[in-house]
Amino acid sequence: MTASDSQPLRLGLLGAGLIARQHLLALAKTPGIQAVGITSRTRAKAEALAAEFGLPHVADSAEELVAAARPDALLVLVSPEAMAPVAASCLELGLPLFLEKPVGLCVAEAENIARLAEEKRVPNMVGYNRRHYSVFRKGLARLRQHGRLLAVHIEGSERMAVARATGRFSEATLRGWLYANATHTIDLLRHFGGEPEEVHALCASLREPLGDQFAACLRFPGGVLGSYTANWHSPGGWGVVLKGEGVTVEFRPLETCRVTLADGTTEVIEPDQEDVGVKPGFTGQLAAFAQLVRTGVLAPPSQDLAGALATMRLAERLSCAPRPLASA
């Protein structure tokens with residue numbers, strides 16, 4: 001039985017890793033939602049998080065969690081390689097699902113999960129938290145005060161050496177890094193520009209099987225132009241530049257916003273309080289998921305499995321059979 005608007009929404013968590021802790025921190029700042037139980041492949045980790053955040057139930061399976069804690073919905077926060085099989089099993093439970101990205105380490109896995117969710121009519125949302133950055137919303141609104149969006153330029157360089165050195169990620173996840181992590185910035189092409197009408201992509205590989213050097217030009221609805229570049233083995237990071245009529249809005253790093261006007265004046269836009277002290281975007285996406293559970297409506301800028309699949313298909317187009325770089 002789903003909670004009414006006057007009752008807290010009860011959420012059960014699957015997974016007890018670093019990302020689960022970030023969600024619990026955001027839950028503590030989000031009114032009207034409470035975590036009521038957790039399960040994890042490693043019970044000790046689940047027990048530790050339950051003790052830290054006051055969760056009343058620790059279960060050994062999703063089925064046990066649902067029976068014991070009676071959640072209204074589930075947050076699936078497992079590792080990238082586990083996401084597709086765990087999501088498939090959770091769809092059988094019939095509860096609304098929030099799925100951390102990626103929903104698979106290849107397009108075929110995401111297609112299968114999206115198909116199952118549609119067949120079973122399970123409300124769902126995928127956690128591309130950057131869509132919920134307050135600086136993105138405010139920066140785009142500032143641009144539109146001056147007129148149209150003209151261009152979207154995104155740099156999505158990954159720190160592959162760091163990712164491999166941490167030892168946190170399996171080889172399967174590292175090989176599928178294009179989907180496991182790079183889709184965060186690739187998704188921003190769709191977030192700001194819409195569904196691309198044309199994509200012209202070049203890709204090369206220094207070391208990674210799906211490519212690690214990317215350069216693409218895109219055309220979006222209304223004639224908006226875009227570019228995407230990424231160099232995974234060179235110093236750099238993530239950045240977004242939006243070009244408007246007499247205004248440029250830059251997010252570099254993504255959590256910051258700087259507006260430059262045609263007369264040279266600049267303005268720094270600060271994030272909302274909801275993005276301070278927790279992982280930015282997490283409280284916003286939790287509120288959006290709560291609205292989905294209560295009303296059945298997933299409001300923009302959130303996206304469901306179908307939207308996440310569109311982002312993964314775009315990533316596949318950007319990869320486009322990478323050519324190996326010539327030896328020095």
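Predicted model: local features only at pLDDT ≥ 70, side-chain atom pairs only at ≥ 80, totals over all residues.
Visitor: Is the pair of Tyr 133 and Phe 136 stacked, edge-to-face or tilted?
Guide: The ring centres of Tyr 133 and Phe 136 lie 5.1 Å apart, with 45° between the planes. Planes under 30 degrees apart would count as stacked and planes over 60 as edge-to-face.

Visitor: Are Tyr 133 and Phe 136 buried or exposed?
Guide: Buried stands for under 20% relative accessible area. By that cut-off, both Tyr 133 and Phe 136 are buried.

Visitor: What kind of aromatic pair do Phe 169 and Trp 177 form?
Guide: From centre to centre, the rings of Phe 169 and Trp 177 are 5.0 Å apart, and their planes make 75°. An angle over 60 degrees puts a pair in one class. For Phe 169 and Trp 177 that class is edge-to-face.

Visitor: Which strands stand at the edges of the open sheet of nine strands?
Guide: The strand order is β14-β13-β12-β11-β7-β10-β9-β8-β15, and the pairing is mixed. An edge strand here has a single partner, so one of its sides is left without a neighbour in the sheet. The edge strands are β14 (266–269) and β15 (323–324).

Visitor: Which residue in β10 stands opposite Gln 213?
Guide: Strands β9 (residues 213–219) and β10 (residues 225–231) run antiparallel and are joined by seven bridges. The residue in β10 opposite Gln 213 is Asn 231.

Visitor: What angle does helix α12 make with β8?
Guide: Helix α12 covers residues 305–319 and lies across β8 (198–205), β9 and β10. Its direction relative to β8 is about 60°.

Visitor: How far from Glu 158 is the nearest side chain of opposite charge?
Guide: Glu 158 sits in the loop between β7 and α7 (160–166). Among the residues Glu 158 touches are Trp 177, Asn 231 and His 233. Glu 158 is buried yet has no salt bridge, a bond that would need a nitrogen of Lys or Arg within 4 Å of a carboxyl oxygen. The nearest side chain of opposite charge is Arg 159, at 7.4 Å.

Key:
Residues numbered from 1 in each chain as written. Heavy atoms only, no water. Phe/Tyr/Trp six-rings, centres within 6.5 Å; stacked < 30°, edge-to-face > 60°. Buried < 20%, exposed > 50% of the residue type's maximum accessible area, 1.4 Å probe, protein only. Pairing = 2+ DSSP bridges. Helix = DSSP H or I, 4+ residues; strand = E, 2+ residues; numbered from the N terminus. Contact = heavy atoms within 4.5 Å. Axes fitted to C-alpha atoms, helices over the stretch in contact; angles between N-to-C directions. Lys, Arg positive; Asp, Glu negative; His and termini not counted. Lists of a residue's contacts leave out its neighbours within four places in sequence.
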